[in-house]
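Subject: Structure handover

Hello,

Here is the structure you asked about, with the sequence. My notes on what was found in it follow below.

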Amino acid sequence: MVDAPGTTPRARPSVVTLSSWLLILVAVIQVLNLIVTLAVIGKIRDVLKDAYAGTSAESAGDLAYAFTIGSSVLTLLLAIGLVVLALLNNRGRNVSRIITWVVGGILLCCTGGSLLNGVSGGMMGNGGNGNGDLPSTQEIQRRLEDALPSWYAPVSLLLGVVALVALLGALILLALPKANEFFRKPKAAWEPPVPGGAYPSAPGQSAEPGYPSPPGHSGDPAYPSTPGPSATPPGDQPPAGPTGQPGERRDPEPPPGS
């Protein structure tokens, strides 16, 4: 994982990586369970339509079929969402970890409730009598067992148990101390000064070494003046020579007759 500039690189702990793989495993199981359900949904609809034919719940088969199709779409979206959350968790996104706990908790309750309902329905499926013209639960269960393939019940149970255990393990791993340290916001790391880099100068100090700043010009480099003849005020200039150049030396004129 690559962190933003100025932050300390973080190594992803193994508990976060394992949790992400478990989430991906749950997503794969959801897709497999979807395929298994779609493979037998037609037979389930035919059994229900035949069992409730001529009763007040004659459309139970079509309703069950429509409900299964809608649940399949939600299951596919949930599987995609679990994969996305797993990838974001690997990058240390704390928001994705919170969403994983929320979605995983809901899915955990749904999966556990479905397993308990299936087991209790199989153990306590003596059903009693139907209400009015409706068939009994025992009759519906017997017809479904006769119509569905023999592998459907054990495969569905196995997929549900594996998904439940994997999801529970993924949620627990995200709550371990090593995972908490990984999902914390990284602190900015100290960067050493770059050789030759320019840094702001203090008030009254020159930005470039070797050139002092004159009073009243803080931070502006002042270069020393080059040596040369000093300027003379116009009133103190010496008289001009014959050539008209100021300051030129003249020899005294010889006396007459010399």
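**Aromatic pair and nonpolar core**

Phe182 is buried, because its relative accessible area is 3%. Here buried means under 20% relative accessible area, exposed means over 50%, and partly exposed lies in between (1.4 Å probe, protein chains only). Phe183 is buried too, with a relative accessible area of 5%.

Before going further, some notes on the source. This is a predicted model, in which local features need pLDDT of at least 70 and side-chain atom pairs count only at pLDDT 80 or more, while totals for chains, interfaces and linings use all residues. Residues are numbered from 1 along each chain as its sequence is written, and side-chain values use heavy atoms, with hydrogens and water left out.

The count of aromatic pairs comes to one. The rings of Phe182 and Phe183 have centres 5.3 Å apart and planes at 80°, so the pair is edge-to-face. The rule is that rings of Phe, Tyr and Trp (its six-membered ring) pair if their centres lie within 6.5 Å; planes under 30 degrees apart count as stacked, over 60 as edge-to-face and the rest as tilted.

Phe183 also belongs to the largest nonpolar core, which has 18 residues. Such a core is a set of buried Ala, Val, Leu, Ile, Met, Phe, Trp, Tyr and Cys residues joined through side-chain atoms within 4.5 Å. The members that touch the most others are Val16, Leu23, Val26, Leu82 and Phe183. Two or more residues each come from H1, H2, helix H5 (152-173) and helix H6 (177-183). H1 gives the most to this core, with six residues.

**Overall fold**

The protein has six helices and zero strands, and along the sequence the pattern reads α-α-α-α-α-α. Helices (H or I, at least four residues) and strands (E, at least two) are DSSP runs, numbered from the N terminus. Of the 258 residues in the protein, 24% are buried.

Helix H1 (14-51) and helix H2 (60-90) are the elements that give two or more residues to the patch. H2 gives the most, with seven residues.

Ile80 is partly exposed, with a relative accessible area of 48%.

Asp62 is also found in helix H2 and is partly exposed at 40% relative accessible area. The C-alpha atoms of Asp62 and Ile44 are separated by 9.9 Å, and the two residues are 18 apart along the chain.

**Charged side chains**

How many salt bridges does a search of the whole structure find? The search finds four, a salt bridge being a side-chain nitrogen of Lys or Arg within 4 Å of a carboxyl oxygen of Asp or Glu.

Asp50 forms a salt bridge with Arg143, with the closest N and O atoms 3.0 Å apart. Asp50 lies in helix H1 and Arg143 in helix H4 (residues 137-147), so the pair ties together parts that are 93 residues apart in sequence. Asp50 counts as exposed at 54% relative accessibility, while Arg143 counts as partly exposed at 26%.

Arg143 also forms a salt bridge with Glu139, where the closest N and O atoms are 2.9 Å apart. Glu139 and Arg143 are separated by about one helical turn because they are four residues apart in helix H4. Glu139 is partly exposed, with a relative accessible area of 22%.

Arg142 and Asp146 meet through their side chains in a salt bridge (3.4 Å, N to O). Arg142 and Asp146 are likewise four residues apart in helix H4, so about one helical turn separates them. Arg142 counts as partly exposed at 42% relative accessibility, and Asp146 is exposed at 58%. Asp50, Glu139, Arg142, Arg143 and Asp146 are linked in a network of salt bridges.

Regards
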